[in-house]
Amino acid sequence: MRLLQFSTSHYCRKARLALGYKQIPYDVENLTPGAHVLKLKPLTGLKTVPVLLPELPGEPIAIADSTRILQFLERYQPEPPLFLIDRAKQTEAELLEDWLDESIGTATRFVYYDFRRDEGKHIDPSFASQLVIQVVRWQYDMNPAAVDLARQRLTIAIAALADRWQSNPYLVGDRLSVADIAAAALLSPLALIPQYRQNNGWLFERICEIHHLCREPLPPGLQSSSIE
């Protein structure tokens, strides 16, 4: 299998966590933002990553969208499972995954790129990096009001996740599910922002635990230091 991705995308991290948890061998192809459209549009009709190329007889040529990739992986290799046996619990996990995908992953992107253009510019001050940041901010219309709304959404999301994750190793049920994978991936960019890391040590401990479980390298900000 081959995963087409942007190396910094937290949605691509979600796909990698699932592949690692399933212990499915795969190769990664890092695409160049902008030029990636030339490769993806003919394959999927879309412009977004991640895209999984199963490269297997009888399987789709390409699977776009991280949720669809997780669904395919569960069908292709049911063990270890990411879907919960209890149908009501699985529906709850899928609802959480969708909320994290559609609202919280986007909020993370807004807050992260706002940080990277200002306080976090030192992380990579190169012209190429800053140009990408400006292009992304323009593409998603990341104005101050939108970033402030994103911060509010993250505050609510972290509080909601705390009610679940601080009293249970898993967001739903008694084992890892698509909800845990989504949360660990889509909140991971916040590890580079000091105030989030300092105020939510429990969150990044859980993110680290899931990365270890899925055999995925820790995200930037968590790789060489303990949780503060």
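**Notebook: helix α4 and its neighbours**

I began with helix α4 (residues 87-117) and helix α7 (residues 178-186), whose axes come within 8 Å and cross at roughly 10°. That makes α4 roughly parallel to α7, since angles under 35 degrees count as roughly parallel, over 145 as roughly antiparallel, 65 to 115 as roughly perpendicular and the rest as oblique. Axes here are lines fitted to C-alpha atoms, for helices over the stretch in contact, with angles from 0 to 180 degrees between N-to-C directions. Helices (H or I, at least four residues) and strands (E, at least two) are DSSP runs, numbered from the N terminus.

A note on what I am looking at: this is a predicted model, where local features need pLDDT of at least 70 and side-chain atom pairs count only at pLDDT 80 or more, while totals for chains, interfaces and linings use all residues. Residues are numbered from 1 along each chain as its sequence is written, and side-chain values use heavy atoms, leaving out hydrogens and water.

Next I checked which residues of α4 and α7 are in contact (heavy atoms within 4.5 Å). On the α4 side I found Gln-90, Ala-93, Glu-94, Leu-96, Glu-97, Leu-100, Asp-101, Gly-105 and Thr-108, and they meet Val-178, Ala-179, Ala-182, Ala-183 and Leu-186 in α7. Sorted by class, this contact has eight nonpolar, three polar and three charged residues. My classes: Ala, Val, Leu, Ile, Met, Phe, Trp, Tyr, Cys and Pro are nonpolar, Asp, Glu, Lys and Arg charged, and the others, Gly among them, polar.

Then I turned to helix α5 (residues 127-139), whose axis comes within 10 Å of that of α4, crossing at roughly 140°. That makes α4 oblique to α5. Here Tyr-113, Asp-114, Arg-116 and Arg-117 in α4 meet Ser-129, Gln-130, Ile-133, Gln-134, Val-136 and Arg-137 in α5. I sorted this contact into three nonpolar, three polar and four charged residues.

Last, I looked for disulfides (pairs of cysteine sulfur atoms within 2.5 Å) and counted zero. Cys-208 is in no disulfide, as its nearest cysteine sulfur, that of Cys-214, is 12 Å away. Are these cysteines buried or exposed? Cys-208 counts as buried at 12% relative accessibility, and Cys-214 is buried too, with a relative accessible area of 0%. Buried means under 20% relative accessible area, exposed over 50%, and partly exposed in between (1.4 Å probe, protein chains only).
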